[in-house]
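User: Could you walk me through reading the architecture of a model like this one? I would like the general idea each time, followed by the case at hand.

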Amino acid sequence: MEFRIIFAFILLFEGGLSVEHCKPNIAIIGGGIGGASSCHFLTELFESNLNIDLYEAKTIGGRLTTIQIDDNEFEAGGAIIHPQNKYMQEFVKLLGLEHRPTDDNKAGIWNGNEFVFEESNWELISFAKLLYRYGIQPFSLNRYVQSILNDFAKIYGLQDAGKSFENVTGLLSAMNNGFPKLLQISIKDHLLNLGYSDQMIDELVKSTLVVNYGQTTNVHSFVGSVSIAGAGFDLWSVKGGNKKVPEHLIYRNKNVHIVPSYVVKIVNAPKENGRQSYEVHYHSKGSTIIMKSTYDIVIVATPLTSDQQYPIIFEGFPNNDFYGAEKYHRTIATFVKADLKPHYFGSAEEIDIILSCDPNKTIVSSVGRLNSVEATLKYSRVWKIFSNAPLQSGVLNEMFSNIDEIKEISWKAYPEYSTYVHEAKFKLHNALYHVNAIEWAASAMEMSVISGRNVAILSHKDFSETCYHYKINRMQNDIPENTPSTEL
């Protein structure tokens with residue numbers, strides 16, 4: 001082992017490890033935050049000695065997007081960022097962007113008949129109301145979730161040290177050996193086992209899951225904990241829209257070439273010399289002509305579930321089926337410019353954020369007043385309603401008056417969670433990787449960035465080792481350095 005390290009060192013400093021043979025051609029499929037962060041971390045690791053083709057079928061940013069109403073833009077996708085999200089904080093600083101703190105809005109939890117809990121304009125009164133209904137349990141739960149966040153933060157030190165993981169279980173275990181067990185028990189059962197009351201779980205905890213993931217307390221405990229953390233304090237977003245992070249990471253990277261096309265197939269096509277190679281087959285929107293390009297590394301940064309609009313075919317792999325029975329949850333985001341009717345919700349006065357704790361009865365998952373991504377509106381008449389099905393005009397007319405505009409976005413926003421989690425893999429094949437595997441633990445911006453860095457570290461290690469063995473093989477066979485690899 002020591003000889004191998006010394007020999008590699010000699011090769012590097014005598015120019016034996018050719019830049020030409022160790023400059024990877026990389027395909028990244030998907031231009032969301034996962035694909036964008038992969039581009040960034042790969043460029044750092046390879047010190048810009050790489051070529052990246054980024055395939056994006058729609059728009060850069062993916063599920064981080066905005067919608068325009070009148071002359072203002074509003075967050076339409078991932079909207080909030082936790083203050084302890086280290087990578088998103090660093091990206092904002094690196095890219096010269098600005099924070100936009102969340103508005104100090106009054107929220108209430110609605111069961112379809114009444115508000116079971118409603119904040120006051122006075123913080124002390126809100127505290128007293130929370131204590132009266134749930135006792136000290138919300139504060140105990142906050143401490144518990146904070147302990148999970150503290151363990152979760154260990155991933156940053158591990159990645160700084162160059163640690164990488166081939167599957168989600170390995171990554172979670174490195175933070176805390178108990179984390180994988182959280183994937184096997186529902187958040188309700190887990191919290192009941194810890195002594196929390198049904199009432200608090202069915203109201204406070206459920207309302208966070210309904211608004212964040214369109215699902216209830218039957219989801220596994222890890223994503224449930226992430227959801228609770230997302231209802232904390234000092235949440236923020238990026239001024240101008242969260243989409244600016246992936247946009248800037250991609251457009252400012254001189255090593256990235258954007259290919260505005262749909263990837264239809266990935267073929268395992270190793271070279272005659274045994275080196276790994278993949279063909280990416282693609283076509284541009286509106287075209288039937290299939291083109292292909294060859295790569296040393298392929299990183300898939302889109303969901304691999306059969307319910308996606310454009311599933312990718314895998315050909316020539318030992319196991320061609322990278323798709324399971326899992327599905328993504330469809331969420332409808334409806335944007336309405338109008339005036340809220342408080343009496344529909346059983347309230348005498350207008351409230352800014354309405355969270356459902358019984359979506360089967362309320363029809364909607366949440367209703368929230370929006371501010372523009374530039375934070376320019378003092379009093380907004382724009383509301384975002386989440387629901388699991390399209391809203392009929394009659395429902396909207398009951399909730400709102402003076403409706404000026406309605407826009408709707410339907411998408412597969414995040415996985416359909418349960419307590420059965422398949423072995424989600426970051427490494428699908430020798431040099432084929434999957435960023436979105438992390439979403440089966442939890443779907444969030446920071447999770448995608450962590451996965452993007454994990455895949456970057458993993459692929460860099462694998463490729464560097466391949467280059468090392470490739471060079472040794474050429475030297476052992478006395479092959480001149482300038483001999484094309486195709487002649488081997």
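Analyst: Happy to; we will go from the overall fold to the sheets, the helix packing and one loop. Keep in mind that this is a predicted model.

User: Let's begin with the whole chain. How many helices and strands does the protein have?

Analyst: The protein comes to 15 helices and 21 strands. For overall form, look at the extent and the radius of gyration together. The C-alpha trace spans about 85 × 50 × 40 Å along its principal axes. The radius of gyration is 25 Å, close to the 23 Å that the globule rule gives for 488 residues, so the protein is as compact as a globular protein of that length.

User: Now the sheets. What is the order of the strands in the open sheet of seven?

Analyst: A general idea to start: strands of a sheet pair through backbone hydrogen bonds, either parallel or antiparallel. In the seven-stranded sheet here, the order is β7-β6-β16-β17-β18-β15-β19, and the pairing is mixed. At the edges are β7 (115–118) and β19 (400–415), each of which pairs on one side only. From one strand to the next, the twist averages 20°.

User: How many bridges join β15 to β18, and do the two run parallel or antiparallel?

Analyst: Strand β15 (residues 328–340) and strand β18 (residues 382–387) run antiparallel and are joined by six bridges. To find your place in that pair, look for I332, which stands opposite S387 in β18.

User: Which strands does helix α10 touch as it packs on this sheet?

Analyst: Helix α10 (residues 198–213) touches β6, β7, β15, β16 (353–356), β17 (364–369), β18 and β19. Its direction makes about 105° with that of β16. Helix α4 (residues 123–134) lies across β6 (107–110) and β7, and runs at about 140° to β7.

User: On to helix packing. Are α10 and α11 roughly parallel or roughly perpendicular to each other?

Analyst: Start from the axis distance and the crossing angle, then ask who makes the contact. The axes of α10 and helix α11 (residues 221–229) come within 9 Å and cross at roughly 90°, and the two helices are therefore roughly perpendicular to each other. The contact is made by V205, T208, L209, N212 and Y213 of α10 and V223, G224, V226, S227 and I228 of α11. These residues divide into six nonpolar, four polar and no charged.

User: At what angle do α4 and α10 pack?

Analyst: They pack at about 135°, with axes 10 Å apart, and are therefore oblique to each other. L130, R133 and Y134 of α4 meet Q199, M200, E203 and L204 of α10. Here the division is four nonpolar, one polar and two charged.

User: What does the contact of α2 with α3 look like?

Analyst: First the geometry: helix α2 (residues 33–45) and helix α3 (residues 86–94) have axes that come within 13 Å and cross at roughly 65°. The crossing of α2 past α3 is left-handed. I33, S37, H40 and F41 of α2 make the contact with Y87, M88, F91 and L94 of α3; six of these residues are nonpolar, two are polar and none is charged.

User: One loop to finish. Where is P270 found?

Analyst: P270 is in the loop between β10 and β11 (278–284). Leaving aside neighbours within four places in sequence, P270 is in contact with R275 and S277. The C-alpha atoms of P270 and D296 are separated by 9.3 Å, although the two residues are 26 residues apart along the chain.

Key:
Residues are numbered from 1 along each chain as its sequence is written. This is a predicted model: local features need pLDDT of at least 70, side-chain atom pairs count only at pLDDT 80 or more; totals for chains, interfaces and linings use all residues. Side-chain values use heavy atoms; hydrogens and water are left out. Axes are lines fitted to C-alpha atoms, for helices over the stretch in contact, and angles run from 0 to 180 degrees between N-to-C directions. Helices (H or I, at least four residues) and strands (E, at least two) are DSSP runs, numbered from the N terminus. A crossing is left-handed if the near helix is turned anticlockwise from the far one by less than a right angle, and right-handed if clockwise. Contact means heavy atoms within 4.5 Å. Ala, Val, Leu, Ile, Met, Phe, Trp, Tyr, Cys and Pro count as nonpolar, Asp, Glu, Lys and Arg as charged, and the others, Gly among them, as polar. The radius of gyration is taken over C-alpha atoms; the globule rule is 2.2 Å times the number of residues to the power 0.38. Two strands pair if DSSP finds at least two bridges between them. Angles under 35 degrees count as roughly parallel, over 145 as roughly antiparallel, 65 to 115 as roughly perpendicular and the rest as oblique.
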